[in-house]
Amino acid sequence: MTDTTGLPTSTSPTGASMASDDAPGCGNGVLEGEEECDDGNLEVRDACLPNCETARCGDGVVWTGMEECDDGNGIDDSCTNVCAMAGCGDGIVWVGQEECDDGNQSDHDMCTNKCQKIECGDGALQGEEECDDGNAIDTDDCSNACVASRFVFVTSIDFNGDLKQHTQQPYYVDVDDQLTGLDRADALCEAVAEHGDLSSERPWRAWLSDDTGSPSTRFDSSFAGYYRLLDGKPVTKGFAGLAISPLLNAINVDEDGSNPNVTGAAWTNTNPDGTVTDMTNHCENWTQGGELRVKSSPGLIDVTDETWTIYGKIVTCAGGLHLYCFQDVARP
């Protein structure tokens, strides 16, 4: 059949015209072929795009109610790759605008609340830095990792194996007589440090071991700054450095910042790596100082090789030896 123009017309068997909604294709509301979706409308910003693809972040179309933005460029710029507007604190580094973004509200870590990196050596104390002297000298009081030095001294006083003062001493230190063993040794280091007017900002602990503990279990073994004598000379870098011979300088400076009145040896029973040397010979857990048969291991003062802490011989606990005292951190 033709109309008055001579063009054919399409008719149904009953003679009615075919509706356009019955034609196959995207937008007819019927999921067909390779279509991901078909919601029957041409709305650009809903869950189904006009090309019958499912809306997703990165397609360049803002999905109403689901996306804050969508620039489709794959770059965390003002519109991030999760289709949210960029901002400091969202955990995503805004390219060209933020140096860092750790997604937290702490201003004391390595990324500030202004999304700026903390840089050791800039001269400003920030974040978790212990110090920042603004220079590139690793061996001074502030390392190039912005870790402050910790100090070490040898006591001018010597002690029997029960950690009681031995014979005549330059002065007397008084600690709780209820304290024994390693706890007593630490208390003696604290008392001697106080006599020397040393900083109490960090606790002082004895470089001493028995079968209950050792510096490897009692000290901050993660320390990576410099141990330093009270006259400023470096001993070694970090706890791990104590096991590396030779030391930069012998631990021969006492609590007053001078050489000890009596050179010789210090009670240690400790290997250079901080572990216990002898699980049996330790002056009966540092409570026995009168019997000649009871012995333990010393280290030699004034040396830089491993004999500073492990002489290789055991001596009677009735003799008087010094203690090495290290600045540490408070126990949790």
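My entries on strands and surface follow.

**Basis.** I worked from a predicted model, in which local features need pLDDT of at least 70 and side-chain atom pairs count only at pLDDT 80 or more, while totals for chains, interfaces and linings use all residues. Residues are numbered from 1 along each chain as its sequence is written, and side-chain values use heavy atoms, with hydrogens and water left out.

**Strand E9.** I looked up strand E9 (residues 322-327); helices (H or I, at least four residues) and strands (E, at least two) are DSSP runs, numbered from the N terminus. Six of the six residues of E9 are buried, so the strand is largely enclosed by the rest of the structure. Buried means under 20% relative accessible area, exposed over 50%, and partly exposed in between (1.4 Å probe, protein chains only). In a regular strand the side chains alternate between the two faces of the sheet. I found His322, Tyr324 and Phe326 pointing one way from E9, and Leu323, Cys325 and Gln327 the other way.

**Partners of E9.** I count strands as paired if DSSP finds at least two bridges between them. E1 runs antiparallel to E9 over three bridges, with Phe153 opposite Cys325. E2 is also antiparallel to E9, again over three bridges; there Arg205 has Phe326 as its bridge partner. Strand E5 (residues 265-267) runs parallel to E9 over two bridges, and Ala266 is partnered by His322.

**Strand E1.** I noted that four of the five residues of E1 (residues 150-154) are buried. Two bridges join E1 to strand E3 (residues 226-228) in the parallel sense, and Phe151 stands opposite Arg228 of E3.

**Surface patch.** Which residues form the negative surface patch? I found Glu190, Glu194, Asp197 and Asp256. I located Asp197 in the loop between helix H1 (181-195) and strand E2 (204-206). Asp197 is exposed, at a relative accessible area of 70%.

Technical notes: Patch = residues over 30% accessible without salt bridge, like charges linked within 9 Å, V, L, I, M, F, W, Y side chains within 5 Å. Areas by Shrake-Rupley, 256 points an atom, 1.4 Å probe, with all protein chains shown as cover. Salt bridge = Lys/Arg side-chain N within 4 Å of Asp/Glu carboxyl O. Lys, Arg positive; Asp, Glu negative; His and termini not counted. Charge placed at Lys NZ, Arg CZ, Asp CG, Glu CD.
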